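This report treats the pockets of the structure and then the sheet. The sequence and the model are shown here.

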Amino acid sequence: LQKIIQDYTFETFEAKAMWQRIIKESAQAFVSDQAHWFFIGGQVGAGKTHICTAIVNELMKQGKQALYMLWREEVVKLKSFVGDGKEYLKVIEPFKTKEVLYIDDLFKTEKGKSPSTTDITIAFEILNARYQDKDLITIISCEKVIKELLLIDEAIASRIFEKTKGYCTQLNQNHHMNIRMREREKYE
């Protein structure tokens, strides 16, 4: 996050449309309420990483220790240690215990593919540990909404849903919400 944390703030989050204002207000309320779990899922390019990074930024300003987990990269590393029990426990432990964990793009896969059984097992291990520790803050962005996560693993999805309470934002698939593509009309 070092490269983007200065740029991805609440101040720089574009909130022109109602759905953007809802995202921003929810994220700011999450920080103010000192809640413990935040989830935003759905449409690609709608600012999920931006808003989650802004949350982490604010929490670090409050003196909290944070760990960033880009799912696709970190799960590959974790899977490489699965066969070595001691090393695996050492490598996965920070994700289970850090005061603030931000999982970016949970279950990100190639289009149309499902996460592997090992991906699901690792996600459950991390999220269940954090679920059981009432004081840990967990922030999750995902291209899937809760309904889709339920199809992947009900235990994971239900834990996320329960712990996020009023901080579960789900964005329907709508390519007009992809801010990266806002000038696409020029090329169509």
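## Pockets and sheet

By class, the lining of the second largest pocket comprises 4 nonpolar, 4 polar and 5 charged residues, where Ala, Val, Leu, Ile, Met, Phe, Trp, Tyr, Cys and Pro count as nonpolar, Asp, Glu, Lys and Arg as charged, and the others, Gly among them, as polar. This is a predicted model, in which local features need pLDDT of at least 70, side-chain atom pairs count only at pLDDT 80 or more, and totals for chains, interfaces and linings use all residues. Residues are numbered from 1 along each chain as its sequence is written, and side-chain values use heavy atoms, with hydrogens and water left out.

A pocket is an open set of points on a 1 Å grid over the protein atoms alone, where a 1.4 Å probe fits, with protein on both sides within 12 Å along at least five of seven lines; lining residues have an atom within 4 Å of a point. A volume is the space filled by probe spheres set on the points, which are joined across faces, edges and corners.

| Pocket | Volume | Residues nearest the centre |
|---|---|---|
| Largest | about 410 Å³ | Val44, Lys111, Glu143, Lys144, Gln173 |

Helix H2 (residues 48–61) gives the most to the lining of the second largest pocket, with 3 residues; helices (H or I, at least four residues) and strands (E, at least two) are DSSP runs, numbered from the N terminus.

The 5 strands form an open, parallel sheet in the order S2-S3-S4-S1-S5, two strands being paired if DSSP finds at least two bridges between them. Strands S2 (66–70) and S5 (168–171) stand at the edges with a single partner strand each, so one side of each has no neighbour in the sheet.
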